[in-house]
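User: I'm new to this one and would like to learn how to read it. Could you walk me through a few features?

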There are 10 protein chains.
Amino acid sequence: MLFQVQITIQIPYGADRAEVEKLSAAEIEQVKQLQRDGKWLHIWRVAGKWANTSILDLESGDELHHLLSSLPLFPYMKVDVIPLCHHPASL
Amino acid sequence: MLFQVQITIQIPYGADRAEVEKLSAAEIEQVKQLQRDGKWLHIWRVAGKWANTSILDLESGDELHHLLSSLPLFPYMKVDVIPLCHHPASL
Amino acid sequence: MLFQVQITIQIPYGADRAEVEKLSAAEIEQVKQLQRDGKWLHIWRVAGKWANTSILDLESGDELHHLLSSLPLFPYMKVDVIPLCHHPASL
Amino acid sequence: MLFQVQITIQIPYGADRAEVEKLSAAEIEQVKQLQRDGKWLHIWRVAGKWANTSILDLESGDELHHLLSSLPLFPYMKVDVIPLCHHPASL
Amino acid sequence: MLFQVQITIQIPYGADRAEVEKLSAAEIEQVKQLQRDGKWLHIWRVAGKWANTSILDLESGDELHHLLSSLPLFPYMKVDVIPLCHHPASL
Amino acid sequence: MLFQVQITIQIPYGADRAEVEKLSAAEIEQVKQLQRDGKWLHIWRVAGKWANTSILDLESGDELHHLLSSLPLFPYMKVDVIPLCHHPASL
Amino acid sequence: MLFQVQITIQIPYGADRAEVEKLSAAEIEQVKQLQRDGKWLHIWRVAGKWANTSILDLESGDELHHLLSSLPLFPYMKVDVIPLCHHPASL
Amino acid sequence: MLFQVQITIQIPYGADRAEVEKLSAAEIEQVKQLQRDGKWLHIWRVAGKWANTSILDLESGDELHHLLSSLPLFPYMKVDVIPLCHHPASL
Amino acid sequence: MLFQVQITIQIPYGADRAEVEKLSAAEIEQVKQLQRDGKWLHIWRVAGKWANTSILDLESGDELHHLLSSLPLFPYMKVDVIPLCHHPASL
Amino acid sequence: MLFQVQITIQIPYGADRAEVEKLSAAEIEQVKQLQRDGKWLHIWRVAGKWANTSILDLESGDELHHLLSSLPLFPYMKVDVIPLCHHPASL
C-alpha cells in the first residue's frame with residue numbers, strides 16, 4: 001500500500017558535522033537502492049529546508065517502520081506518515 | 001517547477017448535495033485532463049478523509065493559482081502549497 | 001495491516017436530530033458486522049466526548065477509505081489515522 | 001477502568017546510547033510482565049516513530065501514575081492519557 | 001477515581017436563547033444534586049468565559065461518560081478530561 | 001481570590017538528579033505549609049506526568065507571583081494560570 | 001488586582017448589523033463609565049482587527065466575570081485573561 | 001513606518017456571491033488608489049488561496065486601522081499585522 | 001505610535017546565573033530610564049512567569065527594534081509585538 | 001517566479017558569538033549581492049526579532065533551495081516559504 005512520508009532532519013547543535021555528512025551520504029545510497037527495489041517511489045526536497053516529501057509502496061506498517069528506522073539519520077528525523085489510496089481522478 | 005498541494009474539501013452543512021456531486025464529477029474530469037496535459041503529475045486520496053495529496057509541474061505561482069482557482073470545488077477547498085525541488089537521493 | 005483510527009462526531013447546529021439518531025443506529029450495526037468480519041478489532045468510547053478510538057486490521061489504505069467513507073455518519077466525522085505495527089514488547 | 005496511553009520516547013542528543021538500550025530492554029520485560037498481569041492489554045508501535053499506542057486496564061489514576069512512572073524510560077517519555085469507556089457498537 | 005473536567009459552553013448563533021436558559025437552569029440543578037451525591041466535588045467558573053473547571057470523583061470512565069452525556073447542555077459542550085491522582089505534597 | 005494553576009516540571013537532560021530530588025523534597029514541604037496557611041487549597045498529580053493541577057486562594061496576582069517564584073523548582077516549571085470565580089451551580 | 005484582558009469580537013454571518021451597532025454603541029458607553037469608576041484602566045484597539053487590549057483593576061475574579069459578562073457584546077466575544085502584578089522595573 | 005499585512009478572505013457559505021463580487025471589485029479599485037497615494041507599497045496574491053501579502057507605509061497604527069477597516073471586504077478578512085523595519089542587508 | 005510587547009525570558013539550562021542576574025539588573029535600570037524618557041509607558045509582570053506585558057510609544061518599527069535589541073536580556077527573549085491604536089471607548 | 005520567505009535566526013546557547021557575527025556579516029554581503037543580481041527583491045527586518053521577511057524572484061524551487069542553503073546562517077534558520085503570484089489589485 002502507499003504511504004506519504006514527510007521527513008525533516010533536525011541536527012542538534014554540537015553534533016559532529018563530519019559524522020552527520022557520512023550518515024547523510026550513506027542514507028542517500030540506501031534510499032537510491034530502495035527506489036531500485038520499487039519500494040521508495042518518489043522523493044522530493046522541500047525547497048528551503050532540510051526536509052523531503054516521499055511516497056513509498058510497501059506491504060504494511062511493519063515494513064514501513066523497519067525501513068524508516070534502518071535509515072542512518074533516523075535518530076535525527078521528525079517523521080509524519082499519511083496513509084494514501086487510489087483517487088478517482090487518477091488516470 | 002514542482003509543487004506539492006494538499007487539498008481538503010470542506011462541505012458546509014446545508015449545501016446542496018446534488019450540486020456538490022455535480023461539481024465533484026466535473027472536477028474529476030478537469031484533473032484528468034490536467035494529468036493528460038502533463039501539468040498534474042500525481043493525485044492520491046488521503047485514506048479516511050475527503051482530501052488528496054497532489055504533485056503539480058507548472059511554470060510559476062501564477063499558473064498554479066489560475067489552475068487551482070479554476071477547479072469547480074475551489075470555494076470549498078482548504079489548500080496548502082509546498083514548493084519542491086530535486087532531492088540528491090532521487091534516481 | 002493495523003490502523004489506529006480516532007473518530008470525533010461533529011453534528012452541526014440545526015441538523016435533524018431524528019435523522020442523526022437513525023444514522024447513528026445504522027452505524028452501530030455496521031461497525032458490529034465489521035467486528036464479526038474480523039476487520040474492526042476494537043472500538044472504545046472516549047469518555048466525555050462523542051468520539052471513539054478504534055483499531056482496524058485491513059489490507060490497505062484503499063480498504064480503509066472504502067470502509068470509513070461507507071459509514072452513515074462519515075459526513076460528520078473528523079478522522080485521524082495512525083498506521084500501527086508490531087511492538088517488540090507485545091506478547 | 002480503561003486508559004488509552006500514547007507514549008513517545010525522546011532521547012536527548014548526547015545521551016549514553018548503551019544506557020538507553022539497557023533501559024529499553026528492561027522496559028520491554030516490564031511491559032511484558034504487565035501484560036501477563038492483565039493490566040497492560042495492548043501495545044502497538046506507531047509506524048515510523050519511536051512511539052506506541054497502548055490500552056491499560058487499571059483500578060485508578062493512582063495505579064496508572066505508579067505504573068507509568070516506574071517504567072525505566074519514563075524520564076524520556078512524552079505521555080498523553082485518554083480515559084476510555086464502553087462503546088455501544090462494541091460486541 | 002478523580003477526574004479534572006474543563007467544560008466550555010459554545011452556543012451557536014441562532015439558537016433559541018429561552019431554550020438555552022431553560023437547559024442551563026436544569027443543568028445547575030443536576031450539578032448541585034451530583035455534588036450532594038458526592039460525585040461532583042468542585043465546580044468553579046473560569047472568570048470571563050462561559051466555562052468551568054470541575055473535579056469529579058467517580059468509579060470509572062463509563063460513569064464519567066454517562067454523567068457528562070446526561071447533562072442538558074452536553075450537545076453544546078467542549079469537554080477536556082484529565083485523569084488525576086494523589087500528589088505527595090497533598091496533606 | 002481563586003486561581004487554577006497548572007504546573008509541569010521539565011528537567012533538562014544533564015541536570016544533577018540528586019540536586020533535583022533535594023529541590024523536589026523542599027518543594028513538597030513548602031506546598032504543605034502553604035496548605036496549612038490556607039493559601040494552597042488543593043493539589044492533584046496529573047496521572048502519567050510530572051505535573052499537577054492546583055487551586056490557590058490568594059489576595060492578588062502579586063501574592064501569586066511571589067508564592068510561585070519562591071518555589072524551589074520554579075526555574076524548571078511551565079506555569080499556566082486561570083483566574084476562577086464562584087459558579088452558580090456550586091453548593 | 002490587575003488583569004490584562006484580550007477581547008476579539010466575532011460577529012456571525014447573518015447577524016442583524018443594526019442590532020450589533022446598537023450593542024456596540026451601548027458597550028462603548030459602558031466601558032467609558034467603567035473607566036470613570038477607576039475599574040477599566042486602559043483600552044487600546046488592536047490595529048487591523050475588531051479586537052482590543054485592556055487593563056482592568058478589580059477586586060477579584062468574581063468582579064471580573066460579572067463585569068465582562070454584563071457587556072452587551074459578551075455573547076460575541078473571545079476573551080483571554082492574564083493576571084498581572086507589579087514589575088520591578090516599573091517606576 | 002512599514003507594516004506587513006497578511007489578509008485571508010473567508011466568505012461564509014450562503015453569502016450573496018454577486019454582492020461579494022461587487023465588494024471585491026470596489027476593493028481592487030480602493031487598493032489601487034492607495035498604491036497611487038504611496039501608502040500601499042506592494043500586494044501579492046498567495047498562490048492557491050484567496051489571500052494576499054501586502055506591505056504598507058503609514059504614519060501609525062491608527063492610520064493602519066482606519067485604512068484596513070475601510071476596505072469593502074473587511075468583515076470577511078482574517079488579518080495578521082507584522083511591524084517591519086530596515087534590514088542591514090537591504091541596499 | 002503605540003506597541004503592545006509581550007516578552008518572555010527563557011534562560012537555557014547551564015547559563016551562568018550570576019551573569020544572568022547582572023544582565024537582569026542592568027535591564028531594569030534601562031527600562032526605568034526608557035519610562036522616564038516617555039518611550040516605555042507601562043510594564044507589568046505576568047503573574048507566575050518570568051514574562052511581562054508592556055506598552056511602548058515610539059516613532060516607528062525601526063525605533064522599536066533598536067530599543068528592544070539593545071536590552072541586555074534580548075538574546076534570551078521571546079518577543080511578540082502587536083501594533084495598537086486609539087479605541088473609540090477610551091476616554 | 002515570486003517567493004515570500006520568512007526567516008528566523010535561532011542561535012543555540014553556547015554557540016561561538018564571534019563565529020556567529022562573522023557568519024552574519026558574510027550573509028549580509030551575500031544578500032546584498034543577490035539584490036544586485038535581481039534575485040532577492042526585498043528584505044525587511046521583523047521589528048523586535050532576529051527575523052526577516054523577504055521577496056525573491058527566481059526560476060524555480062531548485063534555485064530557491066540552492067540559494068537559501070548557501071547562506072552562511074542556514075544551519076540556524078527556521079524558514080517558511082509561500083509561493084506568490086500577481087494580484088489583480090497590483091498596479
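Predicted model: local features only at pLDDT ≥ 70, side-chain atom pairs only at ≥ 80, totals over all residues.

User: How many of the eight residues of E1(G) are buried?

Analyst: Seven of the eight are buried, where buried means under 20% relative accessible area.

User: Which strands does E1(G) pair with?

Analyst: One partner is strand E3 of chain G, residues 51–57: the pairing is antiparallel and runs over seven bridges. In that pair, Leu2(G) sits opposite Asp57(G) of E3(G). Another partner is strand E4 of chain G, residues 77–86, again antiparallel and with seven bridges. There, Ile9(G) faces Met77(G) of E4(G).

User: Now, how do I read the relation between two copies of a chain?

Analyst: Think of a rotation about an axis plus a shift along it.

User: Through which surface do the copies meet?

Analyst: Through the same surface, because 100% of the interface residues of chain A are interface residues in chain B too.

User: And a helix? Which residues of helix H2 of chain E are buried?

Analyst: H2(E) covers residues 61–69, and its buried residues are Gly61(E), Glu63(E), Leu64(E), His65(E), Leu67(E) and Leu68(E).

User: What does Ser60(E) do at the start of H2(E)?

Analyst: A side-chain oxygen of Ser60(E) comes to within 3.3 Å of the backbone nitrogen of Asp62(E) there.

Terms used:
Residues numbered from 1 in each chain as written. Chains lettered and ligands numbered in written order. Heavy atoms only, no water. Buried < 20%, exposed > 50% of the residue type's maximum accessible area, 1.4 Å probe, protein only. Helix = DSSP H or I, 4+ residues; strand = E, 2+ residues; numbered from the N terminus. Pairing = 2+ DSSP bridges. Contact = heavy atoms within 4.5 Å. Polar contact = N/O pair within 3.5 Å; in protein donor to acceptor, adjacent residues only side chain to side chain.
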